[in-house]
Amino acid sequence: MPEARRRAGGGGDAPQAGGAHHRALRRRHHHHHPEPSMSKHDAYGTGGAQSDPTVQPVPASVIAQVDAADMTLSNPKRAVLALGSNLGNRLETLQGAVDALEDTPGVRVKAVSPVYETEPWGVEPGSQPSYFNAVVLVKTTLPPSSLLERGQAIEEAFDRVRTERWGPRTIDVDILAYGDVVSDDPVLTLPHPRAHQRAFVLVPWHDVDPEARVPGRGAVTELLTAVGQDGVEARADLELRLPE
């Protein structure tokens, strides 16, 4: 499924603020290691096989308790956010953004995609570092405008600088979709106006929700088939933790 590598790259040029699975998804109701997982070797040892004898399937009772915690959110909405970073410690910054979302009152992180590496969009090849990209699925009671404000606050906290279109950035936090909302509000366009065209968005989005649809555009699976995955490199050696 061809697509020019430079066009597949990460880095939201979103006006919102002005795949095959290569490993199991990180989901809140699945078992996950509590420590940051920087690589498979770190998590499983140099032999690559799981070595922790304490790892057991999560009991159904525990899963039920965790899912019941969602009841603390009154009538939550499902939202999908894209994260991207090509400056500094990219993985650490993405993890910090995931943790900051979970720390937001009225937001619960439900799933985190695998990490992908892509070339920047809209710039000369080699002129910027490559991006790490991921997609996060949340449930939230915040309205879209408040979720946008929180995303912008996270960007500020990680010293995001907006000096040029398609410029490098420590972190991008974009709202891809908020429930089935379709809005052409210039402050926050929903769904993200170019999400259906971006492989670096569609690939991790498909990972966290294979049945997902982009409101008004169609199924993520079909959109991804049309766009292709060329230039979106799975980083199976890297991993984002689902917050506790």
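**Figure 1. Aspartate 103 is an exposed loop residue.** In this predicted model, aspartate 103 has 60% relative accessibility, so it counts as exposed (over 50% relative accessible area; buried is under 20%, partly exposed in between; 1.4 Å probe, protein chains only). Aspartate 103 sits in the loop between α3 (90–102) and β3 (107–112). Helices (H or I, at least four residues) and strands (E, at least two) are DSSP runs, numbered from the N terminus. Proline 243 is 140 residues away in sequence, yet the C-alpha to C-alpha distance to aspartate 103 is 9.0 Å. Residues are numbered from 1 along each chain as its sequence is written, and side-chain values use heavy atoms, without hydrogens and water. As the model is predicted, local features need pLDDT of at least 70 and side-chain atom pairs pLDDT 80 or more, whereas totals for chains, interfaces and linings use all residues.

**Figure 2. Strand β2 pairs with β5 and with β6.** Strand β2 covers residues 77–85; seven of its nine residues are buried, so the rest of the structure largely encloses it. Pairing requires at least two DSSP bridges between two strands. β2 and β5 (residues 131–140) run antiparallel, joined by nine bridges. Within this pair, alanine 82 has valine 135 of β5 as its bridge partner. Six bridges link β2 to β6 (residues 172–178), again in the antiparallel sense. Here valine 80 faces alanine 177 of β6.

**Figure 3. A cis peptide bond joins leucine 190 to proline 191.** Omega is about -10 degrees at this bond. Proline 191 belongs to the loop between β6 and α5 (199–208).

**Figure 4. Helix α5 crosses helix α6 with left-handed geometry.** Two packed helices are described by the angle and the distance between their axes. The axes of α5 and α6 (residues 220–227) come within 10 Å and cross at roughly 140 degrees. α5 is therefore oblique to α6. Axes are lines fitted to C-alpha atoms, for helices over the stretch in contact, with angles from 0 to 180 degrees between N-to-C directions. Under 35 degrees is roughly parallel, over 145 roughly antiparallel, 65 to 115 roughly perpendicular, and the rest oblique. Left-handed means that the near helix is turned anticlockwise from the far one by less than a right angle.

**Figure 5. Residues of α5 meet residues of α6.** Ala199, Leu202, Val203, Trp205 and His206 of α5 touch Val220, Thr221, Leu223, Leu224 and Val227 of α6 (heavy atoms within 4.5 Å). This contact has eight nonpolar, two polar and no charged residues. Nonpolar covers Ala, Val, Leu, Ile, Met, Phe, Trp, Tyr, Cys and Pro; charged covers Asp, Glu, Lys and Arg; the others, Gly among them, are polar. α5 is mostly covered, with 10 of its 10 residues buried. Among them are Trp205 and Asp207.
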